[in-house]
2 protein chains.
Amino acid sequence: MGVIVQKYGGTSVANTEKIKGVAQRIVKTRAAGNSVVAVVSALGDTTDELLKLAHEITPDPPEREVDMLLATGEQVSVALLSMAIHTLGYDAISFTGAQAGIVTDNTHAKAKIVDVKSDRIRDELKRGKIVIVAGFQGVTVDQDITTLGRGGSDTTAVALAAKLKADVCEIYTDVDGVYTTDPNLVREARKITAISYEEMLEMAATGAGVLQLRAAEYGRNYKVLIHVRSSFLDEPGTLIKEDTGMERAFVTGITYDTSEAKVTILGVPDKPGIAAKVFSSLAEADVNVDMIIQNVGEKGTADISFTVARDNLGRAEKVVGEVVKELDARGTNYDRSIAKISLIGAGMRTHPGVAAEMFATLAKNNINIQMISTSSIKISCVIRAEQVKTAVQALHKKFELEKEPEEAKEGVG
Amino acid sequence: MGVIVQKYGGTSVANTEKIKGVAQRIVKTRAAGNSVVAVVSALGDTTDELLKLAHEITPDPPEREVDMLLATGEQVSVALLSMAIHTLGYDAISFTGAQAGIVTDNTHAKAKIVDVKSDRIRDELKRGKIVIVAGFQGVTVDQDITTLGRGGSDTTAVALAAKLKADVCEIYTDVDGVYTTDPNLVREARKITAISYEEMLEMAATGAGVLQLRAAEYGRNYKVLIHVRSSFLDEPGTLIKEDTGMERAFVTGITYDTSEAKVTILGVPDKPGIAAKVFSSLAEADVNVDMIIQNVGEKGTADISFTVARDNLGRAEKVVGEVVKELDARGTNYDRSIAKISLIGAGMRTHPGVAAEMFATLAKNNINIQMISTSSIKISCVIRAEQVKTAVQALHKKFELEKEPEEAKEGVG
C-alpha cells in the first residue's frame, strides 16, 4: 500500500452529486490502505463564468488579477470535496496551491512549477488524512497566486506524484483512456493499454487533449507512472510509462488538429537572416509558430510557410504585413482551412518506411499534402481541413490500429 | 493627504456595474493625493450561495472547510475591483486576507485577528498602488484560511486602519450613517453626526446592524476614527470617535432586537450554585445567554429568566429540560414573542433620571416591562414583540432624538 495521487477534472466535479461520487472513489482507495492525495479542478464551467465576470469589467484584465480570480474556482472544489469525504467518515483536509507548496515562476496565466514544498502534505498523510489539493494553481515566492494554464491540474497532479514518489498518478477524466485516434472519427479506434512518455508527448503536442503536454513532460522527466482513466467506470484506462523497447507496432496513434491556420510569404529574397527576421518578429508579438517550411523558388527568391494557432492569426497578419514591406517580398497568403494529421509511434525509429506508406495512403485517397514535418517518432502532414476524416480513417486502417499490438497482449517483457 | 482605509460591503459590490462605481470612488480618493487601502466583501449573495453548495453536500460541514469555501467570495471581489481600477488608469493590487497579513487565531467561522503583518501593504502603497484587501478572512500561523464571522469585513478594515495608522476608516454601506433609531419605525429618526465608541458598541450590541460589534471594539481599543457612510451618496455619514465628554444629549440612540426568545425556569430551590449550574450547562451546549434576571419567589424558591437567540432556543430547551429534572424545579416557560429595546447615551452617566423616564414612558403607553438590564450608558427592557413600534416611537419623542444635540451643532469643543 503506497501513495496514490488522483486527479479529477472539471466534468468529474461538475456538481455536488458528482463530487459525492468522487468522494466515494477516493475513500475506496484510502480504505484499501493507500495514502491518497486528490488534485481537483474547478466545478464544470466555473472558470468560464469567472472569465465572463472579468470581461464585464474590462476586455483586457491584468493577468495577475485574472489568476487571483480564477484560483477561487479550484478552492471551491477542494472545500466541497473535503466536506463530502468527511460525511463518509474519513478525515480529509483541503489545500490551495499555495498551502500545498506548489511554487511557480511569476509568469501569470501560464506559470511553470519550480518547486513543490510537500512538508505539509506529508505531515497530513502521516496523520492518516486524505489530502485534497487545488489543481491549476500555485504561488510565487512573493506569495502571489498564479495559474498554470488550461489543463494545468494534470501538471499539479504529476508534479505532486513526482515529489511524493507516488506509486501511480491517476488522471480521472470523462474518457476512459488514450485512444489510437478520435473514436468520433473512426469507429474502430482502440483504447491503448500502455504508451511511452515520448509517444504521449507527441500525441499531446499534436492534438490529443486527454493529457496536458506539460504533465506528460513532467511525467517523463520524473518517471511518474501515469494512469489515464474514466471517473465514471472501474475498468483500467491507459498507462503512460517508460518505453520498454518492446513495442511491435509501427504506429501507436493518429492525432489531428484543426485549430491552426497557415501563413505563406511569397517571393522572399533568398539570403541569410530572412527567416530569423520573420520569426523573431512573430515571437516578439507573442505568436507561437508550429510547423515551418521554406522552399527555394525561382529567381533567387523563396516561399516561407508556417502554421500558427488560428486565434493568433490576426496578430500574425499584422506582423507579416510589416515584414513583407520591409523585406520587399512578393505577397502573402493566409489559409484558415487547414488540418494537421500526425502519426505517432516509437516503432518508427526502427521502421523507416512508415513515412512513405503514410504519403502513399494519402495520395491513394486524393489528399494533397501541403506541409510535412517529422521527428524520430512522429510524422505530421498539413492537409485541407475537409479531408481530415478521410485521412484519419484511411491511415487507421492502413496501419491496423484497431488490432492490439502483440507486446500489450503478452504483457510487458 | 494621508492613508485612508475604505470598506465596501456586499451590496456595494453586488455586480460588475457597482464594482465599477466603487472603483471610481476609490480612484477619486487616490487622485486627491491619499494612499488608499480598500477592504471588500463578497459580491451580493455569494456567501449564501456558497453555503447552499456546502449544505447540498452535508448539513454539518467541518468549519475549516467552510472557511476555505467562503473565503473565495471576497477573493473574487478583490480581483474584479482591482481590474476595474486598472481600467481607470490607476495601478492596483489585490490581496487575500493571508497575503494582506491578517493573522488570526484558529477559531474557524469566528476567528479573532491576533496580528496584522502589514509590510507588503506598506510596500505597495509606497509604490503608489491602490491596495485591495479581501475582507472577512485571515490566516492562522499554520496558513489555514479562517473567516471572522458575518460582518467581519468591518473588523478587517478597522484592524488595517489601526495598523497603518490611517487618518480615517471609511465604512461604506447601503445606509448613509448611524441613526437615532430605525427610520422604518420612526419617521423622525435622525442621522447622528458623531457618536462615541462606547455608545456605538452598545448600539451594535443591542441591535443596530450598521457596524459589527468587534469592529467598534477594535476602533475603540486602537482609537481609529471611523466614518460610516453611504456608498451611493457623497454627503458625510456618522463619525465614530473618542468621547469628548461634551455631549449634551441624555440619549443618543434607541435600538431594538426581535431575534431573541425568553426562557423562564419556575420554582428553582433558592440555594447557592443553582444559577451556576443552569448557565454552565447552557454554555457547554454553546447557547449564548444575553439578559438574566432572578427573582426570589415564595416558599424559598426562585424564578430564573434569561434570553437567548431564538435560533438557539431548541438547544436551550433541551438543556433546560434536563436541568429542571435535576434541580427538581417546578416547571419552565418559553416565550418566542419578545423584543428588547435599549436606550443608549453617554449622557446617562451624569443624568441618572433617564431610566425612570423610560419606565414611565412605557407605562403611559400600556407597555409591560418583563426584564430590565442596565450598564452605565445603556438601559434595556424586554417587552412584548408586538409593542416594539409603539415603544420606540414614544421613547424617540420623549427624549427628543429628532433634534440635533447642541454639541454636534456647535462642532467638537
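# A guided tour of a two-chain model

Let's start with B:Lys223: select it, and you have an exposed residue, because it has 11 C-beta neighbours inside 10 Å. B:Lys223 sits in the loop between helix H7 (213-222) and strand S11 (226-230) of chain B. Helices (H or I, at least four residues) and strands (E, at least two) are DSSP runs, numbered from the N terminus. Look at the backbone too: B:Lys223 has a positive phi of about 55 degrees although it is not a glycine. Most residues other than glycine have a negative phi.

Before going on, a word about what you have open. This is a predicted model, in which local features need pLDDT of at least 70 and side-chain atom pairs count only at pLDDT 80 or more, while totals for chains, interfaces and linings use all residues. Residues are numbered from 1 along each chain as its sequence is written, and chains are lettered from A and ligands numbered from 1 in the order in which they are written.

## Stop 1: the two chains together

Colour chains A and B separately. Which rotation superposes chain A on chain B? A rotation of 180 degrees does, with 0.1 Å of shift along its axis and an RMSD of 0.1 Å; this is the relation of a two-fold axis. The superposition is by least squares on the C-alpha atoms of residues with pLDDT of at least 70 in both copies. To find the axis from chain A, select A:Thr72, whose C-alpha is the nearest to it in that chain, at 2.6 Å. The same surface serves both copies, as 100% of the contact residues of chain A recur in chain B.

Now select the residues where the chains meet: 27 residues of chain A are in contact with 27 residues of chain B. Two residues are in contact if their C-beta atoms, placed from the backbone, lie within 7 Å. On chain A, helix H1 (16-31), helix H2 (46-57) and helix H3 (63-87) each supply at least two residues of the side that touches chain B. The largest share of that side, 14 residues, comes from H3(A).

## Stop 2: a covered strand in chain B

Select strand S2 (residues 35-40) of chain B. Six of its six residues are buried. On one side you will find B:Ser35, B:Val37 and B:Val39, and on the other B:Val36, B:Ala38 and B:Val40. In a regular strand the side chains alternate between the two faces of the sheet.

Next, show the partners of S2(B). Strand S1 (residues 3-8) of chain B runs parallel to S2(B) and is joined to it by six bridges; two strands pair if DSSP finds at least two bridges between them. Look for B:Gln6 opposite B:Ala38. Strand S6 (residues 130-134) of chain B is also parallel to S2(B), with four bridges, and there B:Val37 stands opposite B:Val131.

## Stop 3: strand S18 and its partners

Move to S18(B), where seven of the seven residues are buried. Five bridges join S13(B) to S18(B), and the two run antiparallel; pick out B:Thr255 opposite B:Ser342. S18(B) is also antiparallel to S20(B), with seven bridges between them, and B:Ile341 has B:Cys381 as its bridge partner in S20(B).

## Stop 4: helix H11 of chain B

Which residues of helix H11 (residues 388-398) of chain B are buried? Select B:Val388, B:Ala391, B:Val392, B:Leu395 and B:His396. Seen down the axis of H11(B), these residues fall within an arc of 125 degrees, so they line one face of the helix. The arc is that of the directions from the helix axis to the C-beta atoms. Their cover includes strand S13 (253-257), strand S18 (338-344), helix H10 (354-364) and strand S20 (378-384) of chain B.

Just after H11(B), B:Glu400 takes a positive phi of about 55 degrees. B:Glu400 counts as partly exposed, with 13 C-beta neighbours inside 10 Å.

## Last stop: a leucine in chain A

Finish at A:Leu401, in the loop between helix H11 (388-398) and helix H12 (406-410) of chain A. Is A:Leu401 buried or exposed? A:Leu401 is buried, with 26 other C-beta atoms within 10 Å.

Definitions and conventions
A residue is buried if 20 or more other C-beta atoms lie within 10 Å of its own, exposed if 12 or fewer, and partly exposed in between; C-beta atoms are placed from the backbone.
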